[in-house]
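Have a look at it first, and then go through the points with me.

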Amino acid sequence: MPTIADSIQDTKRLLNSNTRAELDLIKVGIGHSDTQFILTHEADGVRAGSYISVSHGNTAPETMYVTKRNGANVYVMRGMDGSTAQTWGADSMIEVEPRFTGHQIYQAVKQAIYALPENLFAISTVSVDFATSEQAKTVTFSDGFYNIVSATRTARDSEDRLLKFNCKVQEYNGAYKLIRQEGIEKAVTVQVTYSHPFVTGTLDLDTDLVSIVKMKSEMTDIPPLGAGAILMLAEESTRLDLHAAGDSRGDGAVNPGDRSRYSLILQAQYDRRVSQEARRLMAKYGLRTDASVGATFPTTLRGH
């Protein structure tokens, strides 16, 4: 299933096109406080004054600044650009002067996930047992709660089928209760399908967007589009700094506003995909407010 690391790779493809950074590897592993390491292939681009992005496996990327180079020996300042100094094993990947560092893309992907609009939401199911005389049961919604989208109960007899269950949710001092709005009958088990926020407490590189964040698999292309728009718009600011122009390609090779226009293209695609997935959720689960459409059960959260 797609992970945060996969979203980072998708974002790179959106931003870099056919542009490729020079690559190398760390030959011998280093600790988080070491300021010197040995190159495996002695890439020419690793020189004093250059920035490098280091990554390996599920360790968060680190940005380093090269202060000195002596053959294969490289001396660096660690944890640059807000990244965290990590312990890196042998064969950790080095990207030399990448257009966007791994840390920048990682942060942009997380920001895009945090900023997903509320017309996109996660769906989960909880099972609740009601005794014959019980009208309310305390329910734990471990990932939060927006609305009930459906509720069904077990059959009352062998001739009965699963039926819609009339219920509502109320909040009492941070605790949720599922309240039965039907007449007293035999004990039943209720399957409640409900919407809730995406689960964003931990967004490590190996965090699964479907099983952990609870995104639908169809939505997983949306965070890279949001991250790409964020990063591309920020890159336009380099035109304001004459010292930002590289040796191989002057800023004149890119027409003024081209970066901003591409950022807007990415943003438009992001908005289109959000709209598509919001309509898909609406078609499958219905509107999340009972004021807009009729329902056989209340769908709004009521406080107390």
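This is a predicted model: local features need pLDDT of at least 70, side-chain atom pairs count only at pLDDT 80 or more; totals for chains, interfaces and linings use all residues.

1. Helices (H or I, at least four residues) and strands (E, at least two) are DSSP runs, numbered from the N terminus. Residues are numbered from 1 along each chain as its sequence is written.

2. Let us begin with the open sheet, where four strands follow the order E7-E13-E9-E10 with antiparallel pairing. Strands E7 (122-130) and E10 (163-164) stand at the edges with a single partner strand each, so one side of each has no neighbour in the sheet.

3. Now for the pairings themselves. E7 is joined to E13 (residues 188-196) by nine bridges, and Phe-130 stands opposite Val-188 in E13. E9 pairs with E13 over six bridges, with Thr-152 opposite Gln-191. Between E9 and E10 there are two bridges; here Arg-153 has Leu-163 of E10 as its bridge partner.

4. How much of strand E9 is buried? Five of the seven residues in E9 (147-153) are buried, meaning under 20% relative accessible area with a 1.4 Å probe, protein chains only (exposed is over 50%, partly exposed in between).

5. Next, the nonpolar cores (sets of buried Ala, Val, Leu, Ile, Met, Phe, Trp, Tyr and Cys residues joined through side-chain atoms within 4.5 Å). The largest has 34 residues, and Ile-4, Ile-113, Leu-116, Leu-120 and Phe-198 have the most contacts inside it. Helices H1 (4-16) and H2 (102-114), together with E7, H3 and H4, each give two or more residues to this core. A second, separate core has 17 residues, including Val-128 and Val-188.

6. Please also look at helix H4 (residues 258-285): its 28 residues reach 40 Å from first to last C-alpha, close to the expected 40 Å (1.5 Å times one less than the number of residues). Among its buried residues are Leu-266, Tyr-270 and Arg-273. Just after H4, Gly-286 has a positive phi of about 85°.

7. Finally, Leu-225 belongs to helix H3 (222-235) and counts as buried because its relative accessibility is 7%. Beyond neighbours within four places in sequence, Leu-225 is in contact (heavy atoms within 4.5 Å) with residues including Leu-14, Leu-266 and Tyr-270.

Key
Side-chain values use heavy atoms; hydrogens and water are left out. Two strands pair if DSSP finds at least two bridges between them.
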